[in-house]
Amino acid sequence: MLNIVLFGPPGAGKGTQSQKIIEKYKLQYLATGDMLRAAIREQSPIGVEAQKYIDKGQLVPDEMVINLIARELDNHHDVHGFVFDGFPRTTVQAKKLDEMLDAKKAPITIMLALEVDYNELLARLLNRGKMSDRSDDQDEGIIRGRLDIYNKTTLPVMDYYKAQGKYRGVNGMGAIDEVFERICQVIDSCR
Ligand code: AMP
């Protein structure tokens, strides 16, 4: 199995690049942000709870996203592998993911970290806010808050994978296809 954690701050291009990766390598896409937004649209109990955090730009509790991922891992057998987008975002989540994948004897292959300058991230997110109705992209204060949370809470996840020798940094600046080319080179070198 080819299991990829696609890592990077909000606005780094994880969603865009994930779509290209799953198409080329025939992998299953698992994005906790998408799952949570779907739950909010349905106004399910999880969605109602998650919305309180998402609207403020805060992370939802670990247990909530861990349960969502556990359910999806159980739902998808016979796949070539997974692309995790937006998960794990804390070291608690990263450890739990390792436990779940160990049980399936299909560990994470690599963590691809998209690297993009702060000002470029801010510009991309403000622009995305104009084009979509994502509640958390509408306000510059909330966007800056999410980037702060990334730096404080999510960046340590990088060290977690570095310690396992699985971290690969990829320059996420430039055209979508250029970035994808860089990603493919890294994936192909790991297979
Ligand atoms: P995303 O679409 O990945 O940017 O996620 C949107 C929002 O959903 C985040 O700002 C968080 O509030 C929440 N979220 C998504 N994934 C996670 C996660 N792994 N841990 C905690 N909160 C998450």
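Analyst: Q43 counts as partly exposed, because its relative accessibility of 46% falls between the limits of 20% for buried and 50% for exposed. The model is a predicted one. Q43 sits in the loop between α2 and α3. Its phi is near 55 degrees, a positive value in a residue that is not glycine.

K26 shows a phi near 55 degrees as well, again positive and again in a residue other than glycine. This residue belongs to the loop between α1 and β2. With a relative accessibility of 54%, K26 counts as exposed, because the limit for that class is over 50%. Another backbone feature is the cis peptide bond joining F87 and P88, with omega about 0 degrees. P88 is placed in the loop between β3 and α5.

The largest nonpolar core comprises 30 residues, and I69, L73, F84, L97 and Y161 have the most contacts inside it. At least two residues of this core come from each of β1 (4-7), α2 (32-42), α3 (45-54), α4 (62-75), β3 (82-85), α5 (91-103), β4 (110-115) and α8 (156-163). The largest share, six residues, is supplied by α4. Leaving aside residues up to four places away in sequence, F84 touches I4, V5, L6, L30, I69, L73, L97, L101 and I108. Another core, of 27 residues, lies apart from the largest one and includes I22, L122, V186 and I187.

The helix α2 also takes part in an open region. The largest pocket holds about 900 Å³ of space, and two or more residues of its lining come from each of β1, α1 (14-25), β2 (28-31), α2, α6 (118-131), α7 (140-154) and α9 (176-190). The lining has 48 residues, and P10, K14, R89, R128 and R134 lie nearest the centre of the pocket.

The cysteines remain to be described. The structure holds zero disulfides, and C184 is in none, as its nearest cysteine sulfur, that of C190, is 12 Å away. That distance is too far for a bond, because a disulfide requires the two sulfur atoms to be within 2.5 Å. C184 is buried, with a relative accessible area of 4%, whereas C190 counts as partly exposed at 21%.

Key. Residues numbered from 1 in each chain as written. Predicted model: local features only at pLDDT ≥ 70, side-chain atom pairs only at ≥ 80, totals over all residues. Heavy atoms only, no water. Core = buried A, V, L, I, M, F, W, Y, C linked by side-chain atoms within 4.5 Å. Buried < 20%, exposed > 50% of the residue type's maximum accessible area, 1.4 Å probe, protein only. Helix = DSSP H or I, 4+ residues; strand = E, 2+ residues; numbered from the N terminus. Contact = heavy atoms within 4.5 Å. 1 Å grid on protein atoms, 1.4 Å probe; cavity = no way out; pocket = protein on both sides within 12 Å on 5 of 7 lines; lining within 4 Å. Points joined across faces, edges and corners; volume = space filled by probe spheres on them.
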